[in-house]
Amino acid sequence: MIKSVCGVLLLGLVASAAKLPSEIPKCGYEEHECIVERTNWVLRNRPEGIQSIHLLQFDPINVPSMSIVQGGNSPVNIDLQFRNVKFYGLNNATVTKVKGFGKNVEQEIELDLNSPKVALIGPYTINGRVLILPIQGKGDSNITLENMVGKIRLTAKKITKNGKDYLQTDNLKLTFTTTRAWIYLGNLFNGDPQLGPTTNDFLNENWKEIFGELQKVIEDAFSKIIQTLFNNVFAALPYHSVFKDGQ
């Protein structure tokens, strides 16, 4: 169903543990307001990533491959493939609430966030049917969501290496809502000058119905992107070393 972000992946636990950069002051365990503040500072000021802690560039995120595939009896029955696309919007996102980040590594963690606009831009291929309309194409795409309000939930698992505890997760889940989705698929029907624009108009006029049918698979695909970012950092930084009252 969902092919995750193949090719950009978890670097594994490093031999020598990384340290939180001095430009990011530490918070205490469960000092949630402090954690929100520090996280938003990183979102605003380090979209290029932070190499020392293996935080990859996150605006834009380079996504080698992603699939949105839905079959069965759904009114939206498509195979939509993306290759070498870019995901924009985290630099303008704001974390509004966090939960978790206590002394115990193995815990439930939640983050609430919003972004005025996120976009997935780059090459695509599509085959299938959207509502009553057959669809086929290969070209450039732009899928933009406005006023995205999301929640990230994950269950942390402890991995111990060289006497230090690290956090990892394999079940991060992003759920979100949006007030508007804009869809552009270039070169539909081999560039047909009538069918292409007409189909794009149809997709945008019926975005609520289309998004409603595809929301779960879109959330699953975006979740894999975010999980990769998180796990890379978690693998580099010993969990307790991130907190001012930690080890």
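Predicted model: local features only at pLDDT ≥ 70, side-chain atom pairs only at ≥ 80, totals over all residues.
Residues are numbered from 1 along each chain as its sequence is written, and side-chain values use heavy atoms, with hydrogens and water left out. Local features need pLDDT of at least 70 and side-chain atom pairs count only at pLDDT 80 or more, whereas totals for chains, interfaces and linings use all residues.

**Helix α3**

Begin by selecting residues 207–236, which form helix α3. Helices (H or I, at least four residues) and strands (E, at least two) are DSSP runs, numbered from the N terminus. The 30 residues of α3 reach 40 Å from the first C-alpha to the last, close to the 44 Å expected; the expected span is 1.5 Å times one less than the number of residues. Centre the view on Leu214, where α3 has a kink of about 60 degrees. The bend at a residue is the angle between axes fitted to the seven residues ending there and the seven starting there. In α3, 22 of the 30 residues are buried (under 20% relative accessible area; exposed is over 50%, partly exposed in between; 1.4 Å probe, protein chains only).

**Aromatic rings**

Rings of Phe, Tyr and Trp (its six-membered ring) pair if their centres lie within 6.5 Å; planes under 30 degrees apart count as stacked, over 60 as edge-to-face and the rest as tilted. The count by this rule is six aromatic pairs. One of them joins Phe230 and Phe234, edge-to-face, with 5.7 Å between centres and 80 degrees between planes. These two residues are four apart in α3, about one helical turn. Phe234 is buried, at 17% relative accessibility. Next, select Phe87, Phe176, Phe211 and Phe222, which ring pairs link into a cluster.

**Salt bridges**

The structure holds nine salt bridges, each a side-chain nitrogen of Lys or Arg within 4 Å of a carboxyl oxygen of Asp or Glu. Select Lys151 and Glu110, whose side chains meet at 3.5 Å, N to O. Lys151 lies in strand β5 (residues 133–155) and Glu110 in strand β4 (residues 108–130), so the pair ties together parts that are 41 residues apart in sequence.

Finally, select Lys157 and Asp170, where the closest N and O atoms of a salt bridge are 2.9 Å apart. Lys157 is partly exposed at 40% relative accessibility, and Asp170 is partly exposed at 48%.
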